[in-house]
Amino acid sequence: MRITRPAGDDHVDIDKVDLFDPGWYADGDPHPVWHWLRVNAPAHRQTLPDGRRFWSVTRHADACRVLRDHETFTSERGTLLCALDRGDPAGGKMMAATDPPRHALLREPLNHALSARALAQRSEMLRSAVRTALDPARDGGVWDLAAAAARLPMAFTGTLMGLPEQDWPDLIRWTWAAIAPDDPDFGTGDPDTTLATSHHALFGYFRDRIRHRDPARDDLVGTLLGIRLDGRELRLDEAVYNCYSLLLGANVTTPHVISASAAAFVADPDAYRRLVDDPGLVDRTVEEALRWSSPANHFMRYAIRDTTVAGRRISAGEAVAVWLGSANRDASVFVDPYRFDVTRSPNRHIAFGYGPHFCVGAPLARIVLRMVFAEMRRVVTNFELAGPVRHLRSNFVAGITRLPVRTSLAGGDGR
Ligand code: HEM
């Protein structure tokens, strides 16, 4: 998705805007539209040609309210627009599709296993994954930063989940196809077929892993299998849904934080220079990169009772899409929101969501991203664009799939 700075007075014919269209996020520019919506229609209802309808919420405060208020807005009927009004077979089984209080039973063990304290013991593995991902930078010359970033999450989540390295390329391909079935780079037929094929492959893969797993292994799949729900162990389908969600959560988000911030550094070399000059800015750069990229573009909820958001009446049963990328540009919360500011503080972004479903992988993502920016500033002195950028065709994940860059190296090759 392009990240632009709207003039503020752009003319928007909202009836002609299709917030559902995955192609719009690849070729169009949502920022002027989101800006317009925040000012003029912070709760906006769109009807699709087939009659399905959904609300869009674009302001920070309203986004937090919808995501926090699980008693009014459920996650159990689906959380993604691509499955609007189709129900969710994972409802009540997969953490992300389960409401409190049951949600806590699925979440707590993972929360513990993915805490900063637990991950401190894995820092060497994480650092090595980051160094390997940034290897192409060390050669200087032209390389595809988006492709390198795409390989990184598998190296840390795959390792933490105990998944063999030879399976990683397939798992990367299937997870990207599952979140962007409309993108020709990942398509294996029409979007519905691509989605079904990728789900089939991923669910089949995890069924086999769980069935043939060594129970003595200490990994995140073991953590999931140790969860007790309704006084019993997780059933196979529940365990599979949660493995899927964990892998997807990591694979399709983290790379875009890296590529979107590298693109921002290309556009504003002074921002990169500030980071290079001051190692104390790494933490703030991570938070700004999360706000800036907002890789999870939307999450959806269904109202389970009549309610009001931004002055509009929302009826029980209606779907509400929360646009995180818009909330993270809300000028009432962020000073100069269209500036990539590596010194920004405070930074109350909601790139990891808000409320009970706040990303369980956030501590892991933050540790890895800190390592990425620390390593980047050590190795690379400058980024230049070296070819056309390609944006992901998806209304769910805002991302870049191709970012050819030419990097200049810090003295020596940084090895
Ligand atoms: C920069 C990286 C990441 C971003 C931007 C991100 C974003 C998000 C967001 C916005 C949510 C909230 C979903 C909702 O409200 O319905 C979420 C939940 C979740 N994320 Fe992440 N995520 C990232 C990294 C990860 C990683 C590394 C993992 C796995 C290790 C992960 C696994 C999950 C899971 C399982 C949930 C569901 C949590 C729950 O329902 O309680 N994510 N993520």
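Hi everyone, let's start at the ligand: 27 residues surround it, and the closest are H103, R107, R301, H357 and C359. Here a residue is near a molecule if one of its heavy atoms lies within 4 Å of it.

Before I go on, a word on the source. This is a predicted model, where local features need pLDDT of at least 70 and side-chain atom pairs count only at pLDDT 80 or more, while totals for chains, interfaces and linings use all residues. Residues are numbered from 1 along each chain as its sequence is written, and side-chain values use heavy atoms, with hydrogens and water left out.

Back to the ligand. Which residue has a side-chain N or O atom 2.7 Å from an oxygen atom of the ligand? That is H103. R301 also places a polar side-chain atom 2.7 Å from a ligand oxygen. A96 takes part through its backbone, with a polar atom 3.5 Å from an oxygen of the ligand.

What kinds of residues make up this shell? There are 17 nonpolar, eight polar and two charged ones. In this count Ala, Val, Leu, Ile, Met, Phe, Trp, Tyr, Cys and Pro are nonpolar, Asp, Glu, Lys and Arg are charged, and the others, Gly among them, are polar. Elements that each supply at least two shell residues include α4 (102–113), β7 (298–303) and α17 (362–379). The top contributor is α12, with four residues.

Now the whole chain. The protein chain has 17 helices and 14 strands, counted as DSSP runs from the N terminus: H or I of at least four residues for helices, E of at least two for strands. Its radius of gyration is 21 Å, close to the 22 Å from the globule rule for 415 residues, so the chain is as compact as a globular protein of that length. That radius is taken over C-alpha atoms, and the rule is 2.2 Å times the number of residues to the power 0.38.

Is H349 buried or exposed? H349 is buried, at 11% relative accessible area; buried means under 20%, exposed over 50%, and partly exposed in between, with a 1.4 Å probe and protein chains only. The side chains of H349 and E287 form a polar contact of 2.7 Å, meaning a pair of N or O atoms within 3.5 Å, where within protein one must be able to donate a hydrogen and the other to accept it, and residues adjacent in sequence count only if both atoms are side-chain atoms.
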